[in-house]
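Subject: The structure I promised you

Hi,

Here is the structure I said I would pass on.

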Amino acid sequence: MFKNIFSKLVYRGEKSNRRKYRLTVLAIIIVAVFCFCYVTPNYYDKIIDWLNPKIGQNFPHFIKTPFRLGLDLQGGTHLVYEADVLKIEGETSEQGLALEGVRDVIERRVNAFGVSEPIVQTNHSGDNWRLIVELAGVHNVDQAIKMIGETPILEFKEENHEPSRELTEKESKEMKEFNNKALETAKDIVIKINGGEDFGELAKEFSEDPGSKEQGGELGFAQKGMMVPEFEEAIFGDLEVGKITEEPIKTQFGYHIIKKEEIKGGIQPDGVDNTEVRSAHILIRTKLEADFVPPVDPWKNTGLSGKQLVKSQVEFDPNTNEPEVGLIFDDEGKDLFSEITKRNVGKKVAIFLDGMPLSIPVVNEQIRDGRAVISGGFDIKEAKKLSQRLNAGALPVPITLISQNTVGASLGQASLDKSLKAGIWGFCAIIIFLLIVYRLKGLVAAIALIIYAVFTLSLFKLFGITLTLAGLAGLVLSIGMAVDANVLIFERMKEEKHLGKTGLRLIDDGFSRAWTSIRDGNISTLLTCLILIWFSTSMVKGFAITLIIGILMSMFSAVVVTMFLLKGFTRK
């Protein structure tokens, strides 16, 4: 594949004229200048500040995007926690999943703390399970430790309809008048039904239930536990099929005129009641005290927490095969959850972790068996993440701080200064070497290397690559590989020149012969980097990522930039 690409590049070039090469070089230089301004906007800004008053213009400053520096360059805090996973039953993978859940919780806490580029990772060696937290730029270490060290709190909350204060006399009167009017409206509708008017048409005209209004009040089939108690008492009680309640039924939502339309199922031989009733209703809403005086907190505790949650796991809907999140409660949680879902049918019950809502599902029916499913159009990744967070709040995985290492900013800045000086001096030494050994071709290679450096640093900024000392080492190493590629090309060109070749043919043959060595050497290094990324931790992974970007850009600078520069300024 690479050979074909290179061949196309070479032979297409043979058909091109020198002007075409120079235009390509000009385009590369323009992009390089733009990237240079992106990497070092201060130089551009100084020129603009000097130029604007002289030409009477007001050109803006260049966009400023800082490099993302790691802990060793910026300074910060390095924390190591020991996790106690002994209470987690099951295999090692179960313990690992529990620890991953805690890691996710801590990462969310750190992000909420405003830390840029935090590193939170797990480590397992023998019986030791550890969490490593690196907070670059954090100076208030005590607050960070306090926040990280708290145990995750998982809570189930229901909607709060309790007013924040008692109603005034005026408000009570207004609520009473509103509800009396609603009752009168509901009674009038009953009179109209008894007078022969169509139930469905009246529902479309008067019902305030948006979910059933357009269907003539149709609610479909429902089992016991799916409706509020007053409604169930009507449709599963004395109301006969085809009959309509003679008086409006009062529930927490308002006044209902209910029609029982069909019944199926019944008591099975094994004693299970699977009776289902199809019904319709006309709802006239009433107002509660909370409608006049909203509660201070829209959610209130139910007493159900992570202590009663046995575990959460990803499941799949047997009908749609969509991922869902299943919940299993212990005996205490089963009773609590049953009561919560019973009084909140049709309402929302929220799941909070560390005071932040994880999920706010709507209760469709009372759940008595202590097993629930949260569905909401998740993909598999989202379902796993939610399940992991629920387990983090349910499984007791206490963590203990065993090591704290604060890296001062002065140490980070000193390391950065030394690294930059080493890089600049090394770069200058390489350019001098190329100029001495290869003269004009060395100058071309030096220009290509500068373009390489500008492009690479721009990519680091653009993609938010975190720069650490290891990452800088990867960058410097890739510079050496870029020089190697140029040296290979120039040596092959020397050999071709001894054979009497000149001009574009000399360049093409030199690049063609050097390409195989450049390709094979860089591919083997790229494969090594991919293995490092797959298996290693953050520091080594950062080294591999920067090295990969450096290698790809070094190949581009050596094979493309250098070639077009040589062709653009070489006589045939």
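Below is what turned up, going from the whole chain down to single residues.

**The overall picture**

Keep in mind that this is a predicted model. The protein has 572 residues, and 43% of them count as buried. Its secondary structure comes to 17 helices and 17 strands. If you take the contacts with a sequence separation of 6 or more, 70% of them are between residues 24 or more positions apart.

Arginine 19 and glycine 568 are 549 residues apart in sequence, yet their C-alpha atoms are 7.2 Å apart in space. Glycine 568 belongs to helix H17, and it counts as buried because its relative accessibility is 0%, with the cut-off for buried at under 20%.

Which residues have the most contacts inside the largest nonpolar core? They are Phe455, Ile489, Phe490, Met493, Ile507 and Leu566, and the core as a whole has 46 residues. The elements giving it two or more residues are H2 (18-39), H13 (409-438), H14, H15 (469-498), H16 (503-535) and H17 (538-568). H14 supplies the largest share, with 10 residues.

To see one spot in detail, click on isoleucine 489. Leaving out residues up to four places away in sequence, isoleucine 489 touches Gly510, Phe511, Ala514, Ile518 and Ala558.

Now look at what sits on either side of H14. Arginine 439 is in the loop between H13 and H14. Its phi is positive, about 55°, although it is not a glycine. Is arginine 439 buried or exposed? With 66% relative accessibility, and the cut-off for exposed at over 50%, it counts as exposed. Just after H14 you will find glycine 464, which takes a positive phi of about 65°.

Next, the strands. As a reminder, strands of a sheet pair through backbone hydrogen bonds, either parallel or antiparallel. Here, four strands make an open sheet in the order S10-S5-S13-S14, with antiparallel pairing. S10 (299-305) and S14 (356-359) are the edge strands: each has a single partner strand, so one side of each has no neighbour in the sheet. From one strand to the next, the twist averages 45°.

You can walk across the sheet pair by pair:

- S5 and S10 are antiparallel, with four bridges between them; glutamate 158 is opposite lysine 300 in S10.
- S5 (residues 154-159) and S13 run antiparallel and are joined by five bridges; phenylalanine 156 has isoleucine 351 in S13 as its bridge partner.
- S13 (residues 349-353) and S14 run antiparallel too, joined by three bridges; phenylalanine 352 is opposite proline 357 in S14.

Helix H11 (residues 331-342) lies across S10 and S13, and it runs at about 150° to S10.

**Strand S9 and its partners**

S9 (residues 276-285) is mostly covered, as seven of its 10 residues are buried. S8 (residues 254-264) runs antiparallel to S9, and 10 bridges join the two. In that pairing, isoleucine 263 has valine 277 in S9 as its bridge partner. S6 (residues 218-222) also pairs with S9 in the antiparallel sense, over four bridges. There, glutamate 218 is opposite alanine 280 in S9.

**Aromatic rings**

Last topic. A pair of aromatic rings is described by the distance of the centres and the angle of the planes. How many aromatic pairs does a search of the whole structure find? It finds nine. One of them is phenylalanine 36 with tyrosine 43: the centres are 6.2 Å apart and the planes are at 25°, which makes the pair stacked. Phenylalanine 36 has a relative accessibility of 39%, so it counts as partly exposed. There is also an aromatic cluster made up of Phe34, Tyr44 and Phe62.

That is everything from me. Happy browsing!

Cheers

How values were computed:
Residues numbered from 1 in each chain as written. Predicted model: local features only at pLDDT ≥ 70, side-chain atom pairs only at ≥ 80, totals over all residues. Heavy atoms only, no water. Buried < 20%, exposed > 50% of the residue type's maximum accessible area, 1.4 Å probe, protein only. Pairing = 2+ DSSP bridges. Core = buried A, V, L, I, M, F, W, Y, C linked by side-chain atoms within 4.5 Å. Contact = heavy atoms within 4.5 Å. Axes fitted to C-alpha atoms, helices over the stretch in contact; angles between N-to-C directions. Phe/Tyr/Trp six-rings, centres within 6.5 Å; stacked < 30°, edge-to-face > 60°.
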